[in-house]
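Subject: Structure handover

Hello,

My notes on what turned up follow below it.

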Amino acid sequence: DGYDYDALHVQLFSIPEVALGLCRDHAMVKKVCDYLVKCLSRGGEDQGVPTDDDVMREVSRICGDLRYVLLGDVVCDWVLRHEESRKAIIRVLSRVWHLHPQKRQIGEHVLYESQVWMSAFQI
């Protein structure tokens, strides 16, 4: 259920043949996307960008993994043709659509503007 490994993503996911094999044989794109949606949904469906540092670090790692996986044209072509993977990508895009990094402050002046927008840019 967790997402715990150390720095293997660059070595594994940036090799198109390895990434394609993991996608095709182990449903990697679906699993990674499902976990990303789960992390983004902590605290409710209508939340902004996660403000918890641990959650945001995890989200950043997952986004980085997806970026490496989808670098290869062969993998991208396969993901677009494979229905389950394509739907997983669409679920992620649906979750982050109109994602706003800050919540509206009502009733008092905001003295400090959050830097959460930087995390939203990563997503």
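Arg24 is partly exposed, at 47% relative accessibility. The terms work like this: buried means under 20% relative accessible area, exposed means over 50%, and partly exposed is in between, with a 1.4 Å probe and protein chains only. Arg24 forms a salt bridge with Asp25, with the closest N and O atoms 3.6 Å apart. A salt bridge here is a side-chain nitrogen of Lys or Arg within 4 Å of a carboxyl oxygen of Asp or Glu. Asp25 counts as exposed, at 53% relative accessibility.

Before the rest, the ground rules. This is a predicted model: local features need pLDDT of at least 70, side-chain atom pairs count only at pLDDT 80 or more, and totals for chains, interfaces and linings use all residues. Residues are numbered from 1 along each chain as its sequence is written, and side-chain values use heavy atoms, with hydrogens and water left out.

Confidence

pLDDT is the predictor's confidence in each residue, from 0 to 100. The protein chain averages 77. Of its residues, 64% score at least 70. Helix α5 (residues 73-81) has the highest mean pLDDT among the elements, at 94. Helix α7 (residues 117-122) has the lowest, at 56. Please keep that in mind when you set anything up.

Fold

The protein chain has 7 helices and 0 strands. Along the sequence the pattern reads α-α-α-α-α-α-α. Helices (H or I, at least four residues) and strands (E, at least two) are DSSP runs, numbered from the N terminus. The protein chain has 123 residues, and 33% of them count as buried.

Core

The largest nonpolar core has 25 residues. Such a core is a set of buried Ala, Val, Leu, Ile, Met, Phe, Trp, Tyr and Cys residues joined through side-chain atoms within 4.5 Å. Which members touch the most others? They are Cys23, Leu36, Val59, Val69 and Val75. Helices α2, α3 (28-40), α4 (53-69), α5 and α6 (83-96) each supply at least two residues of this core. The biggest share comes from α3, with 9 residues.

Cys33 also lies in helix α3. Cys33 is buried, because its relative accessibility is 0%. Cys33 and Ile62 are 29 residues apart in sequence, yet 8.2 Å apart in space, C-alpha to C-alpha.

Cysteines

How many disulfides does the structure hold? The count is 0. Cys39 is in none, and the nearest cysteine sulfur, that of Cys63, is 9.5 Å away. The cut-off for a disulfide is a pair of cysteine sulfur atoms within 2.5 Å. Cys39 is buried, with a relative accessible area of 0%. For Cys76, the closest cysteine sulfur is in Cys23, 9.3 Å away, so the two are too far apart for a bond. Cys76 is partly exposed, at 24% relative accessibility.

Salt bridges

The total is 5 salt bridges. Side chains of opposite charge can pair when their charged atoms come close.

- Asp34 bridges to Lys30, with the closest N and O atoms 2.5 Å apart. The two are 4 residues apart in helix α3, so about one helical turn separates them. Asp34 is partly exposed at 26% relative accessibility, and Lys30 is partly exposed at 25%.
- Glu83 bridges to Lys87, with the closest N and O atoms 2.8 Å apart. Both lie in helix α6, 4 residues apart, about one turn of the helix. Glu83 is partly exposed, with a relative accessible area of 45%. Lys87 is partly exposed too, at 44% relative accessibility.

There is also a network of salt bridges, which links Lys30, Asp34 and Arg91.

Surface

Leu12, Ile15 and Val18 make a nonpolar surface patch of about 200 Å². Patches are made of residues with over 30% relative accessible area and no salt bridge: like charges are joined within 9 Å, and nonpolar side chains (Val, Leu, Ile, Met, Phe, Trp, Tyr) within 5 Å. Accessible areas come from the Shrake-Rupley method with a 1.4 Å probe; for residues, only the protein chains shown count as cover. Val18 lies in helix α2 (residues 16-26). Val18 is partly exposed, with a relative accessible area of 30%.

Best wishes
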